[in-house]
Amino acid sequence: MESTRHPADGGGTAPATEPRSALTLHVNDVARTLTVDHRTTVLDLLREHLGLTGAKKGCDHGQCGACTVLVDGRRANSCLLPAVAQDGRRITTVEGLADGERLHPLQEAFLERDAFQCGYCTPGQLCSAAGMLAEAADGFPSHVTPATADPAAPAELTAEEIRERMSGNLCRCGAYPRIVEAVADAAAHPGGTAGPEHREVTP
């Protein structure tokens, strides 16, 4: 078989024609069918093939959380997911959190609390927080959940719980306190907050 030098492995060889497969992903409730190289990650598919650039490429090693998306409702690092292995799954990115013109309660809370600075990590923070709220509602424990907690009841989202559950998302700007406050607000008001003119202001 004809082969060619592979630039990524420092001198190995690879087939002249790389294997590709067709797959269908339901991205933000829209079915998208593509044919991609088997090495394509979900992150690269979203950014390079679908033009959804909300999820960011930070470390590209699953350590910073900037690429976090929801896969069938559960948060995942999209830089580590081979796209062809996700055929048929539902992918939600930060672009899909809002309901039309109405922001997701987490987006409202992040704005209200000024829970971002440069904004690079914010899409991953928002998707991770959305997944985390669902996990807590389903009673999933974290490392800091008391052993006496009822596993059948929603987890109580104290500041300590939120920090632990969001610890996989790094923020170089150090906006962590505001992020914790915003997630707590969204947990307390899952339907969203009122417009700015109706919000209570704490002295």
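A155 touches A136, G139, F140 and R165, leaving out residues up to four places away in sequence; contact here means heavy atoms within 4.5 Å. The model is a predicted one, in which local features need pLDDT of at least 70 and side-chain atom pairs count only at pLDDT 80 or more, while totals for chains, interfaces and linings use all residues. Residues are numbered from 1 along each chain as its sequence is written, and side-chain values use heavy atoms, with hydrogens and water left out.

A155 sits in the loop between α3 and α4. Helices (H or I, at least four residues) and strands (E, at least two) are DSSP runs, numbered from the N terminus. The C-alpha atoms of A155 and A136 are 4.9 Å apart in space, although 19 residues separate the two in sequence. With a relative accessibility of 19%, A155 counts as buried. The classes are buried for under 20% relative accessible area, exposed for over 50%, and partly exposed in between, computed with a 1.4 Å probe on protein chains only.

Helix α3 covers residues 122-137. Its 16 residues, at 1.5 Å a residue, should span 22 Å, and the end C-alpha atoms are 22 Å apart, which agrees. The expected span is 1.5 Å times one less than the number of residues in the helix. Of the 16 residues of α3, 14 are buried, so the helix is largely enclosed by the rest of the structure. After α3 comes G139, with a positive phi near 85°. G139 is also one of the residues that A155 touches.

The second largest pocket brings α3 together with α5, as each of these helices supplies at least two residues of its lining. A pocket is found on a 1 Å grid over the protein atoms alone: it is an open set of points where a 1.4 Å probe fits, with protein on both sides within 12 Å along at least five of seven lines, and lining residues have an atom within 4 Å of a point. The space in the second largest pocket is about 250 Å³, where grid points are joined across faces, edges and corners and the volume is the space filled by probe spheres set on the points. Its lining has 16 residues, and L133, A134, A137, A187 and P190 lie nearest the centre. With six residues, α3 gives the most to this lining.

N169 lies in the loop between α4 (159-165) and α5 (176-188). Its relative accessibility is 4%, so N169 counts as buried. The residues in contact with N169, not counting those up to four places away in sequence, are C64, G65, T68, G124, Q125, S128 and Y176. With T68 there is also a polar contact of 3.5 Å between the side chains. A polar contact is a pair of N or O atoms within 3.5 Å; within protein, one must be able to donate a hydrogen and the other to accept it, and residues adjacent in sequence count only if both atoms are side-chain atoms.

The cysteines come next. A disulfide is a pair of cysteine sulfur atoms within 2.5 Å, and by this rule the count is zero. C59 is in no disulfide, and the nearest cysteine sulfur, that of C64, is 3.8 Å away. C121 is likewise in no disulfide; for C121 the nearest cysteine sulfur belongs to C171, at 3.9 Å. At 27% relative accessibility C59 counts as partly exposed, whereas C121, at 14%, counts as buried.

D60 lies in the loop between α1 (42-49) and β5 (68-71). D60 is not a glycine, yet its phi is positive, about 60°. Its relative accessibility is 35%, so D60 counts as partly exposed. The buried residues of α1 are V42, L43, L45 and L46, and what covers them includes β3 (20-27), β4 (30-37), β5 and β7. Just after α1, G51 has a positive phi of about 70°.

D72 is placed in the loop between β5 and β6 (74-77). It too has a positive phi, near 50°, in a residue other than glycine. D72 is partly exposed, with a relative accessible area of 31%. R90, in strand β7 (residues 90-92), is in contact with H26, L70, V71, D72 and G73, leaving aside neighbours within four places in sequence. R90 and L70 are 20 residues apart in sequence, with their C-alpha atoms 7.9 Å apart in space. At 45% relative accessibility, R90 counts as partly exposed.
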